[in-house]
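Colleague: Could you take a close look at the place where the two chains meet, and then walk me through what sits around it?

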Amino acid sequence: MTSILTNLFDGVAYGMLLFVLACGLAVTLGLMNFVNLAHGAFAMAGGYVCMVLVNRMGWPFFAALPLAFVSSAAIGILLERTLYRHLYTRSHLDQVLFTIGLTFMSVAAVDYIQGSSRVFINLPAALQGQFDVFGVGIGRYRLMIIVICGLLTIGLQMVLARTRFGSRLRAAVDDPRAASGLGINVPQVFAFTFAFGCGLAGLGGALSAEILGLDPYFPLKFMIYFLIVVTVGGSSSITGPFLASLLLGIGDVAGKYYVPKMGPFVIYTMMIVILIWRPNGLFGRTAAR
Amino acid sequence: MSASSDVGYHAQRQARWHYGEVAFWLVVLACGFAFPTRYLIMTDILRLALFTMSLDLILGYAGIVSLGHAAFFGVGAYAAGLLALHGIVKEPVLALIVAGLAAMVLGFATSFLVIRGVDLTRLMVTLGIALLLEALAERFSNITGGTDGLQGIEMQPIFGEIPFDMFGKAGFFYSLAVLFLLFLFARRVVHSPFGLSLRAIKNNPLRAAAIGIPVNRRLIAIYTLAAFYAGIAGALFTQTTAIASLDVFAFERSADLMLVLVIGGTGYLYGGLIGAVIFRMLQEFFSTITPQYWQFWIGLVLVVIVLVGRQRLHRWVLYVPNLIIKQVAGRKAVVAVPESDS
C-alpha cells in the first residue's frame, strides 16, 4: 500500500515537472500551431545555466532558478525575433526541419562547451533525503517540485483566465486578424508568450536535472515526452496538458516500477492508442482547427 | 484537342525518358568503375538513396509527413540479419525480398493509424511507432542481440555465384542493381494514373475525394509500398555491412533522412539520389573538420535551407545545369524543377 502511495507521489512530481517543461510547447504548438521540436533545447539551456551558476560560481540553488528562467526566456525571445517569426506561416514540414536543425545544433554546441557526460547540480542539504508521513516516503526535492510547479500552474491559469494579457492572448490565437483589427499587437503577444514558455522550460530544465538527468542529448531524449503531453492533452486550455502530464508522469513511474521489463513500451503504446482514439487529444476540441 | 486527351498528352510527355536521365545513370555506373577504392562509401550512398526514395514516395508524392521512417528500415535490417544468421533464407536476393515484405506487412498494418488525423498526429504516430520498435528490439535482446546488435552474420554468394568481397565491389554493384530496378518501378508508379492521383491527394485531399479518388485506399497503398522500399534499403544495409544494431531505429536516422530528401528536393525521384550524394559528401567534409561535432553543421545546413526557402534553393542549384541543357537540347528539355509543396 505504501509503495503505491510513494509511487503515486513520485509520479505526480514527475508529471508536474513535465507540465512545466512542456506547457510552453502547449502554447506554441497547440495555440500558435507551430511545431517546435527544439523546445527541449530551451529546457537544456536553463538546466546548464543553473548548473554553471551553482556548481562553478557558488550561487545558492534558489537564486539560480530565476536566472535559469530569465536566460532561457532571453534566448527564446532572441530566436523568436530573428528566426522563428519567419516560419509561422510556413508548412509543418518546414517547421519540423528547421527545429530539428536547431536541436542538432544545440546538442552539438552543448557537447562542445560542457562535454558529453551527465551533469549534476549541487543541491542544498535542506532538499536532500526524504521523510515519512504515515509510513509513506516523501522525497524533499520532489515535494519542492510539486509545490513550485503547483503554484506555477495556478498562476498560469489565473493569468490566462483573469488578466488583460490572458484575454489578449486568447483573442490573438482564436482569430489573429480580428485581434489585430481591435488594436492588439499580435506579433508582440506571440513573442512574449513564446519567451515566457521558453523561460518555463528553462526553469523546468533546471529542476529536472536531478530527476530526469541532464546531458547534451536531453532535447532529443525528452522531445517525445513533451510532444505526448501536448498532443494527448489537446490545446483548448491549460488544464488538458496539465492532466496529460500527470497521467504520463504517473503512468511512466508506475510502468517502470511494476513492469520494468516493458520499459518505455507502456508510454508509447498509450500515446498511439489515445491518438488513434481521439486524434485531437484527450481533452482537445472535437473539430480540427 | 479535348481536355482529357490533353491531360494524357502532357502526362505521357512527362513520363518519357530524357537524355539527362540516361546520362545520370551512366555516370552512376561509371563511378563504379572509376573509383575502385571507394566502394564502401558509394554503397552507403546507394542505400541512402533508396531509403530516401522511399520517403519521397510518401512525402513528396502523397504528402504524408513521417518522423519515423526508420521503423521500416530497421525491420528490413533485422529481418535480413536474422534470415542470414539463422540460415532460414540463405540466398541474399531472396532474403532481400522477404525482408522487404516483412517491412511491407508492418507498413500496411500501421498505415491505418497514419492515414487518420492531420500532419501533427501523423508526425507523432510515426515517431511513436519507430520508438516503440526500438524499445521492443531492446527488450527482446535474446533475438536482436540488444545494444550489441546482431553479430557474426555471414552472407552467402548472390544467386549462389557471386560472393561478397572485402572491398565491397560485389556489394556495390548488387546495391546499384537493386536501386535501379526499384527506381524503374517507382518511376512507373509515379507516372501512372495512380501516381497522378496521389499528387491530387497531396494538393487537396477534399477535392481529390470529390472527383472520385478513394483517398484512404490510395494512401494505404503508397504507404505500404514505401515501407517495402525502406525495408529493402534496411536489408541492403545489413547484407552489405554484415551488422544490424539498435541504431537502425534511431530518431536521428529518420531526421537525417528528411534532410537528405530536402537537400535533393521532394516530389521528383532524382531528389533522393542527388540528396544522398550531397549529404554524404557534406557529412564527410564536416567530419574531417570536426570529427565529434559534425551534427552542428548538419543542423546549420537544415536551418539555412529552411530560411532561404527550399524552392528558391533548388532554382539556384538547377540554374547552371538547365542553362547547359537549354543550349544543347532546346528549351523543352529542362530538368524537372521540384514541385512546390504547400
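This is a predicted model: local features need pLDDT of at least 70, side-chain atom pairs count only at pLDDT 80 or more; totals for chains, interfaces and linings use all residues.

**Where chain A meets chain B**

Modeller: The contact draws 37 residues from chain A and 35 residues from chain B. On the side of chain A that touches chain B, the elements giving two or more residues are α4, α9 (218-233) and α11 (265-277) of chain A. Of these, α4(A) gives the most, with 16 residues. Sort that side of chain A by class and you get 27 nonpolar, seven polar and three charged residues.

Stay with α4 of chain A for a moment, and look at the loop that runs between α3 (61-82) and α4 (92-114), which is where A:T89 sits. If you want a sense of distance, A:T89 and A:A161 are 72 residues apart in sequence, and their C-alpha atoms are 27 Å apart in space.

Now for the partner. Chain B has 15 helices and zero strands. Its C-alpha trace spans about 65 × 45 × 40 Å along the principal axes. A compact globule of 342 residues would have a radius of gyration near 20 Å, and chain B has 20 Å, so the two agree. As for the inside of chain B, 46% of its 342 residues are buried. Among the contacts in chain B with a separation of 6 or more, 75% are between residues 24 or more positions apart.

Definitions and conventions. Residues are numbered from 1 along each chain as its sequence is written. Chains are lettered from A and ligands numbered from 1 in the order in which they are written. Helices (H or I, at least four residues) and strands (E, at least two) are DSSP runs, numbered from the N terminus. The radius of gyration is taken over C-alpha atoms; the globule rule is 2.2 Å times the number of residues to the power 0.38. A residue is buried if 20 or more other C-beta atoms lie within 10 Å of its own, exposed if 12 or fewer, and partly exposed in between; C-beta atoms are placed from the backbone. Two residues are in contact if their C-beta atoms, placed from the backbone, lie within 7 Å. Ala, Val, Leu, Ile, Met, Phe, Trp, Tyr, Cys and Pro count as nonpolar, Asp, Glu, Lys and Arg as charged, and the others, Gly among them, as polar.
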